[in-house]
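The sequence and the structure are shown below.

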Amino acid sequence: GCFVFKPSTKKRRLSEKTAHDFRSTSHDSEDTELRFVTCQSLWNQVKSETEQIQEDLNKQLLDNLVSFLSRSHSDFQEKTTKWSCRMKFREIPTAALVLGVNVTDHDLTFRGLSDVLQDNITPYVALLEAKDCPGIKNLMQKLMGQLMNCDIEVDSLEDEDCVQVSQNRIRCSMPSLISWYESVTKKTDSETPSKKRNSSSRHWQSPPVVVIFKDMESFATKVLQDFIVISSQHIHELPLVLIFGIATSPMIIHRLLPHSVSSLLCIELFQSLSCKEHLSTIIDKLLLTSRFPFKLGGKVLQVLINIFLYHDFSVQNFIKGFQLCIMEHFYSQPLSVLCCHLADIKKRVCSLSNDQCENIRRLPSFRRYVEKQESGKQIELLTNDSFLKKETEKLLEDLHVYHENYVSILRCLHVFTSSLPKYPLGKQIRELHCACLENQVWETEEYESSLQLARMLNKADLVTMLQQCVEILMSSSGKEFDKTVEKLKEFLTQFQNLEEASQERDVSVSSQKELQKKTDLYHLQKTLLELKESRRSKKLTKFEMLRFEVVDYIDRLVRKYLVPADNRTLHEIVYFNAATVLRGHLNAAPRTALHTALNNPHWYLKNQALKCDGGGISNKAPDICIVYKLHLECGRLINLVDWLEAFSTVVMAAEEPNADAASSDEVDDIIHARFIRAVSELELLGFIKPSKQKTDHVARLTWGGC
Amino acid sequence: MSRPEGTRSSRRSLQVKFVPDEDVLKHIVDDAGTKVRKDKAQLSVSVKRFVKKLENICDNEAQEILEEKNYVAALGICAQDPLGNGSNISGGEVYSFQTPKRSNKMAELASELAQTPEKNVAPDHSKCPEKMAKTPQSKIFLLMHAFSLLLQNKKKEFVSTTPYRLRKRLAAPDPYLESESEYSASCSEEEDEEEQKEISAVLSDQKTPPKTKAASTPPPRNSLAKKIKEQKMGNLVEEYFEAHSSSKVLTSDRTLQKLRKRRLNQQTLHDLLKNAPLAYAAEIRDLNQQHESLFSKWMLQLHLGFNIVLYGLGSKRDLLEKFRTSLLQDSVHLVVNGYFPSITVRSILNSITEEVLDHIGTFRSPLDQLEFITKRFKEDSSLELYVLIHNLDSQMLRGERSQQILAQLSSLPSIYLIASIDHINAPLMWDQAKLSLYNWLWYETTTFNPYVEETSYENSLLVQQSGSLALSSLTHVLHSLTLNARGIFRLLAQHQLEKKDNPSYPGLSFQDFYQQCREAFLVNSDLTLRAQLTEFRDHKLIRTKRGADGVEYLLIPVDDSTLTDFLEKEDEDV
């Protein structure tokens, strides 16, 4: 069933080919080359950025681990009494690394970890996975293979006589591992000092052997227990350190290992950053910044976040989705050539062709823009290419400025909303971002209620928030915020003045205290009523006035700057909005497609004959649809004879009864054959299977609709 | 949005309910003569009652749809996307716990509706054409059509269980019709009993029309709907277990043998189908052309590190083949026919190592082989390989280990995988780890092409058995047995193959077999061999027959070609 095809002429084109694919598709314009290059460079930028983020986030964790490792076997180095005392207990130093449920992302962390370890601590690092180690024997084999390979890598530069030991020949056992370790460490010892500095100066005399269990939960408990027990016997000869990668919770160690085994471990717990925080950082650095010209539309972002939250918690997948977005955008939007950094815009706009200008004129947002202009300018825009280019350049720059401002104000708003009770606009900035992209945020109920809540903030909170806002705005690159900052600072000083003024108010408070002296019930009631009355009619205090003012000011800022991107002219160039495409590719529903095809073939086959009735399907539908519909009426088992006859009735009715009676036999055979085909197709699709329960019956495998 | 829909759907069902009594009677007159006419009044009452019930059900469904919408909205799947291609069906409809129409229920429904064939093109559908495939009760129409035809074309002697009930019910008092019915013999006992009960129930219903009428006076709409819904939920659960707990199955006992038609063999089937014109060829061609326009996009995405998986109804073989011929001519590529019954991961790996990498030699395990391939591809960055797999979800490839190996293979940056899946549960093969290795981009490519190649290996009940799929079960069972047991089986298989030209070969007699096994040092006593044979028999690997002389003969009940394949594969493994 496998066939290999080799081309006769073995010409291989690599990167050039990819660009070629890009080109052949969008035959309409000539900028494809440039688009492809832009796309690639953008993606590479994004990729390196994400890797950087990942590294930064893991730095803390890795540092901790490294210090743990260096601590764990410092005793072994010095051969102190303390070590020998621990030796009695035979404890293996172990790091339990809680990484979270997104197992697919762990690979990256582990790769980083082993790199760091190999650079700083020890060349002897082995990564084990459960699927490679069904038994202790395989585990040892894998372990030794990895250790000796890495040893060879280090040594082979120096002396060639170190024979490439094939792992098959060595008996894989702990003693052989120990003897290997001894020989290796001795060799480094006996080497000339100069060489030593070259090769292993970063490592110590007798570096520990680190064994990483990538997915501890999926290891067989027997294997783990055996390994731990065996290696604890030899811990005084071999400085072993274990690292467990844990996806669920640290409790699992005790569930997998009985007390007798877990007491052989000296476990220290390390917690990695949660994937949600990771995602927030990614969104913060990739989307809420003006560094990248490419932007995600609201729905697209929603889809990506939903896949993350509801399906996999995998940041890697999120980035993959982002990559797909970039690719789709540059592939499908010919004008995406303008989706570049501000510095390049002028050049690229100038070199736009006539066709591309037409493309711009066709953009809905641009058309809306044109309609708003006065008639003279309208004509210019629609007929004069160079005028259009100038205008486009200006609009794109506007868009850029808009985005810069948007991000700053969004952060300010987030400062306010993230501290409100119940978080009407969401706790995370990404939720706020989605809400703002989706529609005009100030028209939503949530915004209304969050303003209400903001009007009830206390002073201390308000002041710190304002200070934060000032910081955000100061650090932003937008130029329009000088006034805003000034205004906010003014608010801050006003608050300070209030503080001084508030001392005066204490006097009035003391008058309230008088009331406590009186014990007369009647008087008490009376004064209370009075107090209530006065409070109702009382004017707002100065503080309250100021608070209202601040909130109103923030509201004004929001209305000015957080306009949804859809309303901006030329937003199509930088915003990717095809959420359906994205969802179709990343989070497909194959069963839904089958369901639609079987129930409603007209969706795919645009033929009038199939359309006729809305509820069911017509009797002219493809055979498989009819057979499928008929089988839906049955219970667990289906009688083939009945099925066949029902089918032939339907089909006969569909074919005009004008067919001659003479050839009816032939027709019967054909219908029979068609029925067989349809049934075996249903079998292939997994709807039915043959059953032995009753002769000539098939069993239904689905319950309900599909 | 769904409110108006709800009312609409209930309105439609209301339209269905106005079954003109004349129509009902026309049929009855055909069938049972004047006698039934007296029952006219009662019948119409029962019709009305039924219609009421139907209305309520529709109400419920409207509400359910509403709730599903909410759920969908909550998930942010944005059902309102204008571009959504076919995906605006909520999951609830696809995976719904719909009541399976148990036979008598179906009969009831059909009998009430069957008399209105002309109504099936309901006029108000033109008002809401966008609401296609949304109503779960839609199947009524098709069935109704089938049965109405059935009743009209009586001369064709069409028979089915349902009209039987229908007729029986309508003409229950008529003993003549009942005895005349040709089904009574074919229906199982329990069914008949139930039938009887049903009839009596119907009769009692008819006797007490005022009571039913009183019962069906509608209480306040909302609370009723709610109550019914709760009831329905409870019923659903009960019905599910009811349907799946009892071992008795209520279907008719008719078999294909009673049918005059002979069984078709593969060849005649093929010929017949070739003569039959493919329906909607033009539309299917259009559809395929749409997919073909995506080819270069696929290439681009493959090169950017994604792999592509195609799903949707219809054979995707031609599409992939076209992709191959149009774009892959200049590059090394591997085509894997997953539907082939004897394909294994090992054969895929072998063809990569032997033919693509020109490596001579064998490997101890597929994992070793995979490691070798990985190393080679990493070393030589100019190596590129396109892998096309038709039916990645086939019997032989769907196993966990195979998928793991294929996933790892596909994760290599210079191996580009493009595959197709068909089975409804195919995505269940992959867990998160495999999915991330595969790095799929999903493409819906519904082609409506018949699965010609893919099903030609399938063992359909209606086609003469060729026994090709037995191979996978054979290998699987044998792999779980000991080395000696495998040796024993090999002996038997070889012997059977040697005698394959002899049509009256009765099998290997036990004594001879024992002798041979002893000589091959496979068993040391009569008893051990018997124990082995019991094992085989339990797994249906062999069949024993007692000859006329009382000697036990052993036979492997698979055909020769499968056996040859099997032996070849065994040789390869050892």
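## Annotated segment of chain B

How much of the chain is helix and how much is strand over residues 283-444 of chain B, and how far apart are the end C-alpha atoms? In this predicted model, residues 283-444 of chain B are 46% helix and 17% strand.

The segment corresponds to a database annotation: an unreviewed UniProt entry assigns residues 283-444 of chain B to "domain: Origin recognition complex subunit 2 RecA-like". According to the note that accompanies such records, annotations may be inferred rather than shown by experiment.

## A salt bridge between chains

Over all chains, the count of salt bridges comes to 26. One of them joins the side chains of Glu371(B) and Lys142(A), with an N to O distance of 3.6 Å. This pair crosses between chains: Glu371(B) belongs to helix H17 (residues 366-379) of chain B, and Lys142(A) belongs to helix H6 (residues 136-155) of chain A.

Both partners fall into the partly exposed class. The relative accessible area is 47% for Glu371(B) and 25% for Lys142(A).

## A link between distant parts of chain A

Within chain A, the side chains of Asp552(A) and Arg455(A) form a salt bridge at 3.6 Å, N to O. The two residues are 97 residues apart, and the pair links distant parts of the chain. Asp552(A) sits in helix H25 (residues 542-561) of chain A, whereas Arg455(A) is in the loop between helix H21 (445-454) and helix H22 (459-475) of chain A.

Asp526(B) and Arg530(B) are joined through their side chains by a salt bridge of 3.9 Å, N to O. Both residues lie in helix H24 (residues 526-538) of chain B, where they are four residues apart, about one turn of the helix. Asp526(B) is partly exposed at 34% relative accessibility, and Arg530(B) is likewise partly exposed, with a relative accessible area of 35%.

Methods
Residues numbered from 1 in each chain as written. Chains lettered and ligands numbered in written order. Predicted model: local features only at pLDDT ≥ 70, side-chain atom pairs only at ≥ 80, totals over all residues. Heavy atoms only, no water. Salt bridge = Lys/Arg side-chain N within 4 Å of Asp/Glu carboxyl O. Buried < 20%, exposed > 50% of the residue type's maximum accessible area, 1.4 Å probe, protein only.
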